[in-house]
Amino acid sequence: IFPTDAVTVSGKVIEFASSDKGRRYACRACGSPVYSTYGRTDEFYLYPGSFDETDLFPPTYELWRRRREPWLPEFPSVVSRYEQDRPKWKRTEP
């Protein structure tokens, strides 16, 4: 998840509704999912598979742990864990 003003998307995408507020966007050429928005105008959800180097951004939090698969390992980079959704993002500037 990134602040909206920190992301630039180039190329054509297909948009479809994923919920009342949620919108998902996919590459028009191949159909691969690229990003989502979920009614939060300050957040932009980029899918890890959208990056050429998928290890650039290790997870720092984990959502919906109450639905977590028991076979998943603990992620060492995670510093915050939430049983359901998390509080709204608060952007911090250096």
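The following legends describe close-up views of a predicted model.

View 1. In general, strands of a sheet pair through backbone hydrogen bonds, in either a parallel or an antiparallel sense.

**View 2. The pairing of strands S4 and S5.** Strand S4 spans residues 33-38 and strand S5 residues 43-46, and the two pair in the antiparallel sense over 2 bridges. Ser-36 stands opposite Tyr-45 of S5.

View 3. Thr-37 has its place in strand S4. With a relative accessible area of 19%, Thr-37 is buried, because the limit for a buried residue is under 20%. Neighbours within four places in sequence aside, Thr-37 is in contact with Lys-21, Gly-22, Arg-23, Tyr-25, Glu-43 and Tyr-45.

**View 4. The cysteines Cys-27 and Cys-30.** A disulfide is a covalent bond between the sulfur atoms of two cysteines. The closest cysteine sulfur to that of Cys-27 lies in Cys-30, at 3.7 Å, which is too far for a bond, because a disulfide requires the sulfur atoms to be within 2.5 Å. The count for the model is accordingly 0 disulfides. Cys-27 is partly exposed at 22% relative accessibility, whereas Cys-30 is exposed, with a relative accessible area of 56%.

Note on methods: Residues are numbered from 1 along each chain as its sequence is written. This is a predicted model: local features need pLDDT of at least 70, side-chain atom pairs count only at pLDDT 80 or more; totals for chains, interfaces and linings use all residues. Side-chain values use heavy atoms; hydrogens and water are left out. Buried means under 20% relative accessible area, exposed over 50%, partly exposed in between (1.4 Å probe, protein chains only). Two strands pair if DSSP finds at least two bridges between them. Helices (H or I, at least four residues) and strands (E, at least two) are DSSP runs, numbered from the N terminus. Contact means heavy atoms within 4.5 Å.
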